[in-house]
Structures are given as C-alpha cells and as structure tokens.
Amino acid sequence: MQIKLSNRLLAVSQMVIPGKPAADIGADHGYLAVYLIINGICPSVIATDRVRGPLSAASQLVDLLKLEQQIHIRLGDGLQALHENEVATICVAGMGGLTIKSILENSPDILATTQRLVLQPQSNISVLRRYLAESGWKIVDEDIAHDSGFYYEIMAAEKGEMQLSQDQAEFGPILLQKAHPMLRSYLEQKQEDLISLMAGLSTSVGEAVEARRKELGQAAQRIDHILASLPLTNE
C-alpha cells in the first residue's frame, strides 16, 4: 500500500533525521508515521495524539499494514507520551505556533535528549522562531510547501545559538538566505493579505485602529524591501 502525503507533510518528512527513531506529535490518522517507515526513512516512529478518534484510525492503519513492531501508537498530550532518549527527531505539524511553543515548553526533559525538531506552525511563526532562539535552538533548514491554495512554512531546528533580525523572525533566516523558489509568491500573497486587512480598517477610527494600520503598513513595507532583493526568476 502506497501512502501519498500532502506537500506539507512531505516537506516535514524530508527534514527528519534518516536512520533514527522519530515521533509525530498530533499524528492524526498516522500517515506521516507510516510514510517514514514504509519508505525506510526511520526504523521506528512513535505516533501520539491527545484525541482518541484520530488515534484509533491511526492504529487501524498500522494494524492493516502490519507495522505494529515499528510504529507505536500512544495517547497523550504534547510530548508527555514520550520518554527520554526515545527519539532523535520530534515532528509537530499542523498546529498554531503558540500551541507548539507551549508543547515544547512543557517538556524540557524530553527536549534535552532530542537531536532535532521539525515544526510546521499554522500561525504565529515569528513567535515560534524567537522562542527557539531564546531556548538554545538553531534553525538549520526551512522549506515552503504549497497545498490547496495555501502556503506552509516548515523548519528544522537543532541545539545551538541563533540570532534573529525582525525580518528573519518573520520570514525565515534560511528561506531568506537561500532565496527559496517559492518565497516570492509566498510573500506576494502575504502582502495581498496585509493590504486586505488595511482596507478593512479604512472606515474605522481610534488610536488602536491607527496603531494596527501603522503596524500592517510597516509589515507591507518590509515585504516590499525583501521582494526587491529577490531574483525575478523566483516568480
């Protein structure tokens, strides 16, 4: 049986340390875990979720493929279902950046024995990057995936020191450094969203509204500056 991952999860799978155990936190139906095993990327995977329904579906898939010896299904919140020194890579995908930050903060003992984090936040990405920098993690790789009309950022972090500028925190130090092929179209969509938000505030008044309008305008200007520096071939 072939497992076809979404572009988002495929990008996550490509950042996992090959040949070593991994964990998928919030595994949903278990597709990532199964993909990592049947493609020989990892010798074993722990798939966890805090909701019984999706976890039951994942367990059924694992049983169907007879992968019970390699994929271990566990019910648990965040990293609490893991033990120290069990995995080299921890994947957390499809959650808000603040939720991912909270998950990592709540299990320092597990992180202490983890080599790599592969994270795919849905929101508050700059907050998560700053948290990593402040907590002794360095972003070593980043990617952008396009799925069903949406762009997703994926990052891999390992222990180390990292300093981030405002642009790097918001748009990714590695994405900016390597001028990712999808960065231009991704930023153009971000800019369109900012313009729409500013237009929505055009009929509102008040100090808070004006402060928000100024913040959005500054963000749009930063994107303008980055777009001007990108090669036109990235379109």
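This is a predicted model: local features need pLDDT of at least 70, side-chain atom pairs count only at pLDDT 80 or more; totals for chains, interfaces and linings use all residues.
Local features were taken at pLDDT of at least 70 and side-chain atom pairs only at pLDDT 80 or more, while totals for chains, interfaces and linings use all residues. Residues are numbered from 1 along each chain as its sequence is written, and side-chain values use heavy atoms, with hydrogens and water left out.

Turning to the helices, helix 4 (residues 97-105) and helix 6 (residues 125-134) have axes that come within 8 Å and cross at roughly 25°. Helix 4 is therefore roughly parallel to helix 6 (angles under 35 degrees count as such). The crossing of helix 4 past helix 6 is left-handed, with the near helix turned anticlockwise from the far one by less than a right angle. Helix 4 brings G97, L98, I100, K101, L104 and E105 to the contact, and helix 6 brings V127, L128, Y131 and L132 (contact means heavy atoms within 4.5 Å). By class, seven of these residues are nonpolar, one is polar and two are charged.

Next comes strand 5 (residues 116-121), where six of six residues are buried, that is, under 20% relative accessible area with a 1.4 Å probe, counting protein chains only. R116, V118 and Q120 are buried on one side of strand 5, and L117, L119 and P121 on the other. Strand 5 pairs with strand 4 (residues 89-95) in the parallel sense over six bridges (pairing requires at least two DSSP bridges), and A93 stands opposite Q120. With strand 7 (residues 150-159), strand 5 pairs in the antiparallel sense over four bridges; here M155 is the bridge partner of L119.

Conventions
Axes are lines fitted to C-alpha atoms, for helices over the stretch in contact, and angles run from 0 to 180 degrees between N-to-C directions. Helices (H or I, at least four residues) and strands (E, at least two) are DSSP runs, numbered from the N terminus. Angles under 35 degrees count as roughly parallel, over 145 as roughly antiparallel, 65 to 115 as roughly perpendicular and the rest as oblique. Ala, Val, Leu, Ile, Met, Phe, Trp, Tyr, Cys and Pro count as nonpolar, Asp, Glu, Lys and Arg as charged, and the others, Gly among them, as polar. Buried means under 20% relative accessible area, exposed over 50%, partly exposed in between (1.4 Å probe, protein chains only).
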